[in-house]
Amino acid sequence: MSENTAFSTAAEDTISRSVDVIPDQSASQFGEDEFKEYYDINDTAFWITEGDFQKVALQFPDELLHDSVPIYRHLKAKIGHRELYVLADTSYGSCCVDEVAAEHINATAMVHYGHACMSQTYRLPVMFVFGKKYVDISHCAEESLQHLPEASEVTLEHDVAYSHAAEQIATRLREKLSVSYSPVTRHLYPKAPANIPVPTSNLEATILYIGGESLGLTNLLMTHSASSVYSYNPNTRTFRLESASTNKLLMRRYAVVQKARDADVFGILVGTLGVASYLPLIKHLRSLLAQNHKKSYTISVGKLNPAKLANFMEVECWVLVACPENSMIDAKEFYRPIVTPFELGIALQQEPNWTGKYVLDFEQLLAEGASEEKAVDEGAGEDEDGDRPIFSLVSGTYRQAKRYGASNDIQGDAASQALVVRDSEGTIVKLPDSAAGEFYTNRVYRGLEQRIGEEAPSVLEQGRTGIASGYDDDH
């Protein structure tokens, strides 16, 4: 059997590998009427017929895939001749709307089931069906009123699965507290990136989160580090203060930022194709890296794993462009650090100044990036010492940063962006500004030596016969 390491997998794993999925059994005990109510069958059918959508894609996460067949049958019985398609195994995170997969069938609309990050789309209209998980409204309100500070302004946030009960909880809390709550929309319609408003929020208000531990709660803690965040878990019926762990999360991310400061070659990872502003953000990141004389490559590899990224050894740090819930990756298993676009902006500052503020929203990042670029243009006349050494907090020593794009002898943008460049004879050549070419010339192992004319050719042997699936090994 082939050796299996962190950066490579055995050949037979492609067929034999099993996916660990814990099915969501929330609707498994329901009767037919309760099942329809849980998944909003009537509302979904009405939305499809009212919009006259002829081809509709139904997107399911792995944990809800077992409910896709009965949902399909119930909807098909109500929408008549219109076509339905079930989408599974999403290209990126299951919380994002997979518009690319829907375009393969020329879908005119989508219905997204299960947990969603609610990122704005720009290709197709989408209806979200979150499900209606049980929450004891009375117990939740009583626990919240008992533990929340009196006379405080409270912002109510929740997991989307509890959207059906959030308004009732907010009404109960308003009896004694000042509560701000904005209902989660169930429908999104395409918008151009330029027309998407920049979100605003009260960073000083106390936040009450309804739901269990999740990426959504983690992101809430990171983006509201100055607020007190409390959570109520409907499954365990427990209430607790969450913001006590915020400092540890920020310290962990600050350590990753320091590693990014030591990098000169960056890889921009495309982690979503469904968020409306991902292309403008990638363009902004390329411009930001070029202004700081860093080398950048844009790469899309689908769902991330260490083996995929280890193929690009010349990349010293990755920048992940993904929805807010999939942006922060714990890179302990990865060969290189992975940062968010906001963390990259901090790492590229001459004198890093991080107040604890954290931004994951694309529109807010682009708005702040535009103001920073304006400030840079106004101060373009200032002298910049490119030879100044940089002190690394990771190694504890001074380092000399490489400056890509500083010379004028670069052979075109297209050539400089290629990972491996070959000349007319098919051999590897080194470009003046190529990080990949420089990495290749400096590494010790460069492949098998041809040794033409030095050794006699081996004798031909009889190969295998039969069907490949019947072989006992992969040699």
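Q: What makes helix H7 count as lying across E5, E6 and E8?
A: In this predicted model, helix H7 (residues 163–173) lies across E5, E6 and E8, where contact requires heavy atoms within 4.5 Å. Helix H7 runs at about 165° to E5, an angle taken between N-to-C directions on a scale from 0 to 180 degrees.

Q: What makes E5 and E8 a pair of strands?
A: Strand E5 (residues 153–158) and E8 are joined over five bridges in the parallel sense, and since a pair needs at least two bridges, the two strands qualify.

Q: Why are strand E6 and strand E10 said to stand at the edges?
A: The open sheet has five strands in the order E6-E5-E8-E9-E10, with mixed pairing. Strand E6 (178–180) and strand E10 (238–241) each have a single partner strand, so one side of each is left without a neighbour in the sheet. Neighbouring strands of this sheet are turned by 25° against each other on average, direction ignored.

Q: Which residues touch the most other members of the largest nonpolar core, and what makes them members?
A: Among the 44 residues of this core, Phe266, Val321, Val339, Phe342, Leu344, Trp354 and Tyr358 touch the most other members; membership requires buried residues joined through side-chain atoms within 4.5 Å, with buried meaning under 20% relative accessible area. Helix H10 (278–291) is one of the elements that give two or more residues to this core, and H10 gives the most, with six residues.

How values were computed. Residues are numbered from 1 along each chain as its sequence is written. This is a predicted model: local features need pLDDT of at least 70, side-chain atom pairs count only at pLDDT 80 or more; totals for chains, interfaces and linings use all residues. Side-chain values use heavy atoms; hydrogens and water are left out. Buried means under 20% relative accessible area, exposed over 50%, partly exposed in between (1.4 Å probe, protein chains only). Helices (H or I, at least four residues) and strands (E, at least two) are DSSP runs, numbered from the N terminus.
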